Amino acid sequence: MEKKYNPEVIEKKWQDYWEQEKLFKVEIDTTKEKYYLLEMFPYPSGRIHMGHVRNYCIGDVVARFKMMTGLNVLHPMGWDAFGMPAENAAIKNHSHPAIWTINNINEMRRQLKRMGLSYDWDREIATCHPDYYKWEQWLFIRMLENGLVYRKKSIVNYCKPCATVLANEQVEAGCCWRCGEPVVQREQDGWFFRITKYADELLDWCDRLTGWPERVLTMQRNWIGRSEGAKILFKQENSDQSIEVFTTRPDTLYGATFMSLAPEHPLCLSLSKGTSQETPVQEFVNHALTQDWQSRVGESVGKEGVFTGAYCINPLTSRRMPIYCANFVLYEYGTGAVMAVPAHDQRDFEFAKKYGLDIIIVVQPTDHVLSAETMTEAYVGPGNLINSGEFDGTDNESAKKAISKKLKSMNQGGPTTNYRLRDWGVSRQRYWGAPIPVIHCAKCGPVPVPDLELPVVLPIDIEFPESGRSPLPDLDWWVNTHCPKCGSDARRETDTMDTFVESSWYFDRYTCPRYDNGLLDPVQDRYWSPVDQYIGGIEHAILHLLYSRFFTKALRDLGIKKESEPFRNLLTQGMVIKDGAKMSKSKGNVVDPEDLINKYGADTVRLFCLFAAPPERDLEWTSEGVDGAQRFLNRIWNLVLEYKDLKSSDQILMESADSRTIRRVTHKTIKKVTEDISNRFRFNTAIAAIMEMSNELSKVSCEEIYAKNDLKAAMKDAIESLVLLMSPFVPHISEELWEALGNKGGLTRRLWPTYNSEMILEDSLTIVAQVNGKKRAEIRVPTSATEDEMKQSAIAEANVQKFIEGRVIRKIVVVSGKLVNIVVS
RNA sequence: GCCUGAGUGGUGGAAUUGGUAGACACAAGGGACUUAAAAUCCCUUGGGGCAUGUCCCCGUGACGGUUCGAGUCCGUCCUCAGGCACCA
């Protein structure tokens, strides 16, 4: 053993050893309990950042700990390798997305290996590999066959110069993020996953995901946004057509005085056609549709609208209700049409005031009286119905049900449920993604590519255009094909899939990454699924985690999987920040993990990441803290150096108090560290306990230890336990120290130390003596002391006497092992 | 606006079921070793008081409440962070 801790040498040594011994390679072992641990796989952006480091350090502690407790641990890693940054980089560097991606993967794999993470690298997957997306295409077709995928026209953000659809987050202040030209709304065909079919199930299962943070579940519940209400049909005047609306307030139907349609609603134009309102409506609609989203629905935007010239009929009052087109009505939510009740809805109130429309109060609160003439805002609270015919006097909650029921009996609507969740549009007019496996035939329409022709390989050998426009539509040799059904000339779908599709099932593929007879090997899936612990950033709380849940249910219904939920437990780690802000290039506060590894070694970096904050919280990066972590590892190194030659084989005549103290510290620490890792993921307190133990052991004199057999034995056990306890956090130095103690390498094959409760017991303990709840003394009592004895020693204490003297003792509260509280008047 | 979290020393954080507030670190100050520095080791370190103690008072965002006892439970409010946001 070297005199000085030299991470550079030992980290390389043990990483090589782990790789040669294939220490982290796993296979099904039915004699062992399985544990599937997964961290969110990275996008191969080029270099790992501190967020990755933190995420993967946390995962590695859990993985190594679970291995040591005897579980069969699956701990894989891979690459979320499709996506736009590859295209941008290719444009910038006159390169190719594939080359850029592969180089990045190689670089990042090398960096991750330097962290000493316990991955089974044989299971590595990259989602841009045809062997991976082949099964995604296969699944797409199965979903298409089962009605879970469909094609529809929808309104999208479109950039003309770039000839592509933009995601909402790629539109900056109404302009394209790349070319700066204004984005327009455009109706376009695209493929959709029918996630709304699972809205109820996704929502209901939120209550059963007991291993997920409540915060994430709340966000998902809000996103799904189930609301109970009614659909109501309003007959159009002079027509047998009806307009359907959704409302959560059917109780206010008697107060509905007009109707509002979203500008996208086709009725806006058709109703006004041929009337004097035709031109104003056309202008209004055109204006609304060409506006960017912010200036149309933004917070500060007022209510605007225009009369369509048409009327509909309130089914209960037979009132003639003018139909308006209004900017605040969302086409995507509900039916894109709303009944307006100005007295009881703030938006309708503002709109009615502006355009001079009638306000009728139908819900009267019990504590004050509303009047339509004087009210300055809508009343949305509870109350009893008025102006509502047969429902007058009913409380409005019961009226919701009663009126829904009546509408149903009239065939004019009825109770219904509506969701905020919309179907998931996955078409992207981009190159670097998985091709959608469909062929468009003029006669047969869209036809799935036959299974035998899968995968539809993304053409790689191409010139990547500088415009950013996808080269696929121009690749005649690739696009032109024949219809699988009728054989006539046809064109391939040139859209690729949203990259969230790949990450919605990658965790399944890790169980059988090279399986070629199907998407999943049922034997592997049954053994490994579901993921027992998933770890990643909170930023994926909705999209990725919701999509993955949807895919799991879809795979189940297609008979491919048994499980209904992908991730049994979820840990969301906080961000890494520096100087109070998230690390970013623009702020100039980025710390490069590899520089740190070069300077300190991976163990120090790991230790700091795990010690400075609990996983869910943000981690403030400080270089002083890293220095501190390094100092601790040096101290441990020196401590082990002192005791590495201890032999415990000498005969022990009697255990002394000193050796019992060493054993007590050891067993207490084993208990604390075990519980902190397994129950709570509180690595910071686990490490603090290890530090306390090492401080204790450093206090005793080395000569004394070597002088007595019982101390030698106790210390040897203590040092060995210490190294084992440290090993999930700082594996390299632990292996080296373990070897120096005369053992063989491969600590994850060792058993995690266990504690003996009897060893933790002390002969006497310190308890607190309080008077009226204030601490007045600390007293030592024998562990075996009875309540009475504890009371007596508390009362006998001089400082306690001072406070009870001359007062009457009303009551004495005894908490065994903790305190005695004497209550005096 | 609505929904979630979170507010504890100079800093990161600890206190697991209502029972010693500040574990463990970082920073700072003092000391030892050294010709010197670095490294290392030791001591002090929430605020205040004096009678300098096994002392007293105050102290976990604010104010109330429950309790023998509250950082922890309840109520009202304040601040910060995140999510959603004209969702009918």
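**Aromatic pairs and charges over rings**

User: Are Phe193 and Phe550 buried or exposed?
Analyst: The model is predicted, so local features need pLDDT of at least 70 and side-chain atom pairs count only at pLDDT 80 or more, while totals for chains, interfaces and linings use all residues. Side-chain values use heavy atoms, without hydrogens and water. With buried meaning under 20% relative accessible area, exposed over 50% and partly exposed in between (1.4 Å probe, protein chains only), Phe193 and Phe550 are both buried.

User: Why is the pair of Phe328 and Phe351 edge-to-face?
Analyst: Rings of Phe, Tyr and Trp (its six-membered ring) pair if their centres lie within 6.5 Å, and planes under 30 degrees apart count as stacked, over 60 as edge-to-face and the rest as tilted. The centres of Phe328 and Phe351 are 5.7 Å apart, and the pair is edge-to-face because the planes lie at 65°.

User: How many aromatic pairs does the structure hold, and what is the angle between the planes of Phe193 and Phe550?
Analyst: The structure holds 44 aromatic pairs. Among them, Phe193 and Phe550 form a tilted pair, 6.2 Å centre to centre, with an angle between the planes of 55°.

User: Which residue has its charged end over the ring of Phe192, and which lies over the face of Trp212?
Analyst: A charge sits over a ring if NZ of Lys or CZ of Arg is within 6 Å of the ring centre and within 35 degrees of the ring normal. At 4.5 Å from the centre of Phe192 sits the charged end of Lys152, and over the face of Trp212, at 5.9 Å from the ring centre, lies Arg549.

Key:
Residues numbered from 1 in each chain as written. Chains lettered and ligands numbered in written order.
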